[in-house]
Amino acid sequence: MEVAAGAMSPLLRKLGDLLVDEYNLENRVKKGIKSLETELTFMHSALRKVGEVPPDQLDEQVCLWAGKVRELSYEIEDAVDAFIVRIDEEGCHRAGPNNTKNRVKKFLKRATNLLRKGKDLHQISSAIDEAQDLAKQLAELRQRYGLQMHGTNGVATIDPRLTAMYKDVTELVGIAHSCDKMIKMLTEGDEGPNKRLKVVSIVGFGGLGKTTLAKAVYDSIKVHFNCSAFVSVSRNPDVKKVFKDMIYELDKVQFGHIHSTTMDEKQLIDKLREFLKDKRYLIVIDDIWDEKAWKFIKCVFSENNRACRLITTTRIVSVAVACCSSTDGIVYRMDPLSDDDSRRLFHRRIFPDGKMCPNELAQISIDILKKCGGVPLAIITVASLLVVNQQIKPKDQWYVLLNSIGRGLTGGACVEDMQRILSFSYYDLPSHLKTCLLYLSLFPEDYVVGRDRLIWRWIAEGFVQRGNKKTSLYELGESYFNELINRCMIQPVDIDIEGRAKSCRVHDMVLDLICSLSSKDNFLTILDGIEQNKPNSQSKIRRLSIQNAMVEPTTPWLDTRSMEQVRSVTLFSSAIYQMPSLSCFQVLRVLDLEYCNLRDSGHKINMRCVVNLLHLRYLGLRSTYVGELPTEIGNLQFLQTLDLVETGVKELMPGIVQLQNLMCLHFDKYTKLPPGMGNLTSLEELSELHVDRYSSGIVKELGHLTELRVLRINFEESDESLDKAFVEALGNLHKLQSLDIDGNDGCVDLLRECWAPQQLRRLVVLNGKENRFLTLPAWINPSSLPLLSYLNIYLDQVQAKDVQIIAMLPCLRFLLLAAWRRIEEPAAECFAFTADAFPCVRECIFFNFITAPSLPRGAMPMVQLVQFSFRACDITCANLDLGMGHLASLKQVRVDLWCKKASTKEVMEAEAVLRFAVGEHPCRPRLFIRRR
């Protein structure tokens with residue numbers, strides 16, 4: 001049902017936009033649109049309530065009604081977009097020479113547009129009537145059937161997680177190590193003077209066994225405490241019941257009648273605090289879903305200096321952190337089972353009495369377990385599907401099951417229980433995140449999805465709606481992406497030095513869930529050759545994912561009529577010959593052909609047709625080698641994202657400067673750009689801009705792109721006027737967050753005094769001996785760059801004061817500081833740091849200048865990699881103190897050992913001294929020595 005609410009969100013904004021004066025609507029139409037907006041706003045509110053409830057708990061009539069609203073929302077939005085397209089199209093044709101031939105063309109075009117516009121307005125008018133009818137239907141449904149927009153009050157369902165509380169210890173597999181580790185965390189310090197309350201918060205994906213682990217630890221150590229309790233909170237907690245359960249568990253005799261009392265929350269908190277004030281207690285708070293619930297619950301626990309212990313479990317990282325924030329707390333991230341433990345659990349469930357897995361099932365078992373990803377719940381569920389009446393299913397059925405995991409796993413109560421457990425996380429998501437998560441079902445299992453690709457597609461689909469004008473749509477979309485990671489709904493992949501996941505993937509069991517939900521709500525259609533993913537002939541295809549070549553060379557589901565309403569097409573390379581002609585699509589917003597090699601012959605993709613896709617917002621052509629773009633690319637007035645990396649496009653057509661809604665533009669280095677790029681005033685990302693003597697005008701136009709956040713620019717050559725133009729342009733880019741400069745000789749040092757980029761998070765200056773600052777720019781200091789996290793900078797010569805200034809940048813995570821002066825020239829210098837130097841840095845690289853990092857305790861507390869330079873002739877056989885023994889996170893040390901003027905013996909001794917010094921470090925970091 002959330003899909004219906006998600007479909008309506010962008011529509012409501014567009015209806016508001018239609019009412020502005022520039023569209024010159026008749027009063028009758030304006031009045032109708034206002035009425036429609038009002039009706040849909042009420043429906044949207046109802047649908048959001050419906051979306052919080054699993055479909056199996058809703059009346060069938062409510063589901064049917066929501067489906068009608070969803071389809072109506074799509075159709076109204078299509079009509080509104082078509083109307084706006086005609087208006088924009090008419091505006092684009094007003095310009096031009098005023099000769100007789102052109103006037104005739106304009107007249108014919110205007111007449112055609114009026115007819116089309118009339119048709120679009122008629123569609124909107126019809127939609128108003130239909131929306132009003134649906135609103136009446138909702139009122140009638142409520143009256144006739146007594147329907148509510150929340151779950152039915154039928155038979156209560158039993159929480160399937162309850163069984164984890166009562167597992168026999170002999171059934172547990174793979175938690176012994178985790179159990180021992182947690183017990184050690186909880187018992188450390190029991191005998192010492194510090195007997196403060198300690199919290200261990202277990203966090204992890206649904207089904208990993210958090211409750212099982214917490215119960216095993218609880219049972220193992222509760223005898224060492226005066227009293228203990230194990231209580232569950234769940235998604236929609238009744239805090240009074242939680243407090244009563246806790247009191248009852250702590251002393252069942254004294255508080256045997258507590259559940260029949262009428263005490264309020266404050267009275268219960270007071271009673272618990274009074275009871276616990278002089279006792280050593282162990283309490284488990286299981287399944288916490290939000291920080292607000294924890295704020296109430298933690299009021300119970302006051303510090304009594306008796307080494308009390310709390311264990312909490314949650315699926316949400318930020319909740320785990322909150323549980324530990326005000327006490328001596330540890331966040332314990334629960335890992336999936338190892339391959340060996342996964343196999344043991346799987347075999348124990350299938351083969352009775354400890355029998356071995358037959359050889360013929362060995363490989364298929366490995367393949368199935370790989371898809372389960374070490375999640376115990378998934379392993380147990382899948383194993384249950386392979387046994388019927390204590391008989392193991394034949395091998396061919398194992399392959400059927402293997403192919404269905406991640407694409408609509410079905411069968412039995414175990415699968416239903418697993419999906420219900422996972423669905424708790426889904427239904428706890430805010431409305432906008434539900435839609436964004438469902439969107440990931442269009443990617444195949446185990447597919448790694450790029451963060452930027454996903455976010456720009458969310459924006460194109462209208463899932464990201466602007467709230468605060470100071471926050472860009474991309475930044476808002478990135479917050480959605482991070483929150484899905486925080487809630488363990490997607491898995492981060494390739495985390496960069498700044499702590500941002502560059503990509504993500506979806507666990508197969510979550511993919512099963514979201515594919516099932518997407519299919520039920522006709523959110524998207526997947527064509528992958530699997531029977532259960534074929535579209536329903538009764539439903540209109542709205543989003544299409546073509547994933548592999550189907551058995552039949554042609555398929556009846558891809559006919560022209562079924563494509564008319566498609567809003568999004570994602571084509572994967574293995575299915576390139578299944579792609580229908582682009583001329584079939586009328587309202588397409590997203591066309592993603594990434595990694596589909598369009599140089600191959602035999603496919604139906606004619607890129608000349610793309611200019612007719614007037615609704616297009618996202619055009620992803622990365623690694624398609626398409627070669628060129630159509631001349632009329634300027635027709636795509638709604639286009640927001642254009643990705644041309646690895647396309648072989650050598651020159652952008654002049655029409656591209658008409659795309660005033662374009663926010664993200666990526667192309668290959670050396671791509672020639674037309675004049676007029678300064679018209680693209682909505683641009684937020686631009687890379688990789690190449691500047692030579694023939695394209696100097698582009699640099700001057702950069703200053704008009706005031707929305708730029710990301711800029712990558714490459715200078716093949718420059719002169720003084722070009723350097724000054726570039727510096728002047730940068731002075732206008734107040735929102736710039738990431739700047740990469742490659743290869744310019746002069747402009748870099750011009751930035752030394754006159755630039756103050758307050759929002760800058762990344763600065764990289766690459767290539768060329770002249771591509772450096774003579775001295776450290778005055779604006780590189782903690783007050784001017786409070787957000788800078790990545791700095792790659794070359795100075796003519798590095799001085800101690802430069803390093804000390806950089807060391808105080810509050811958010812810096814990566815530093816490459818290099819000198820161009822020959823290393824033999826200066827004398828060796830020891831750079832002294834203060835105890836608060838480099839508070840956040842993870843990688844620190846000092847290149848091409850001599851330094852022995854003298855780091856007092858407290859400096860570089862998070863550093864994982866350090867690189868510096870030594871001269872072999874400066875190192876004696878005396879015990880060398882690198883001052884790094886306290887760096888608790890250190891994993892790697894790199895040393896550039898300069899051997900000039902040193903004998904072979906001195907070099908060997910220097911290396912031995914370095915190895916000894918690093919070998920004494922308690923973390924045993926890896927040492928790499930490079931002779932220079």
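Tyr670 is found in the loop between strand E17 (664-667) and E18. Helices (H or I, at least four residues) and strands (E, at least two) are DSSP runs, numbered from the N terminus. This is a predicted model: local features need pLDDT of at least 70, side-chain atom pairs count only at pLDDT 80 or more, and totals for chains, interfaces and linings use all residues. Residues are numbered from 1 along each chain as its sequence is written, and side-chain values use heavy atoms, with hydrogens and water left out.

**Backbone exceptions**

- Most residues other than glycine have a negative phi, and most peptide bonds are trans.
- Tyr670 is not a glycine, yet has a positive phi of about 75°.
- Tyr670 counts as exposed because its relative accessibility is 51%; buried means under 20% relative accessible area, exposed over 50%, partly exposed in between (1.4 Å probe, protein chains only).
- Asn522, also not a glycine, has a positive phi near 50°.
- The loop between helix H19 (508-520) and strand E11 (525-527) holds Asn522.
- Asn522 has 10% relative accessibility, so it counts as buried.
- A cis peptide bond runs from Ser687 to Glu688, with omega near -5°.
- Glu688 belongs to strand E18 (residues 685-691).

**Whole chain**

- The chain has 25 helices and 27 strands.
- Of its 932 residues, 55% count as buried.
- Contact means heavy atoms within 4.5 Å.
- Among contacts between residues at least 6 apart in sequence, 66% join residues at least 24 apart.

**Nonpolar cores**

- A nonpolar core is a set of buried Ala, Val, Leu, Ile, Met, Phe, Trp, Tyr and Cys residues joined through side-chain atoms within 4.5 Å.
- The largest one has 117 residues; Leu591, Leu665, Leu686, Leu702, Ile806, Leu817 and Phe838 touch the most other members.
- Helix H22 (residues 720-730) gives the most to this core, with five residues.
- A second, separate core of 96 residues includes Cys179, Leu377, Leu402 and Tyr618.
- Beyond four places in sequence, the residues that Leu665 touches include Leu642, Ile656, Met677, Leu686 and Ser687.

- Asn486 is in helix H18 (residues 473-486).
- Asn486 counts as buried because its relative accessibility is 13%.
- Val317 is 169 residues from Asn486 in sequence, but 5.2 Å away in space, C-alpha to C-alpha.
- Leaving aside neighbours within four places, Asn486 is in contact with Arg315, Ile316, Val317 and Ser318.
- The Asn486 side chain reaches the backbone nitrogen of Ser318 at 2.7 Å.
- Thr314 lies in strand E4 (residues 309-314).
- Thr314 has 1% relative accessibility, so it counts as buried.
- The Thr314 side chain reaches the backbone oxygen of Ile288 at 2.7 Å.

**Rings and charges**

- The structure holds 16 aromatic pairs; rings of Phe, Tyr and Trp (its six-membered ring) pair if their centres lie within 6.5 Å.
- One aromatic cluster is formed by Tyr439, Phe463 and Phe523.
- Arg543 lies over the face of Phe523, 4.5 Å from the ring centre.
- The charged end of Arg599 sits over the ring of Tyr625, 4.3 Å from its centre.
- A charge sits over a ring if NZ of Lys or CZ of Arg is within 6 Å of the ring centre and within 35 degrees of the ring normal.

How values were computed. Rings of Phe, Tyr and Trp (its six-membered ring) pair if their centres lie within 6.5 Å; planes under 30 degrees apart count as stacked, over 60 as edge-to-face and the rest as tilted. A polar contact is a pair of N or O atoms within 3.5 Å; within protein, one must be able to donate a hydrogen and the other to accept it, and residues adjacent in sequence count only if both atoms are side-chain atoms.
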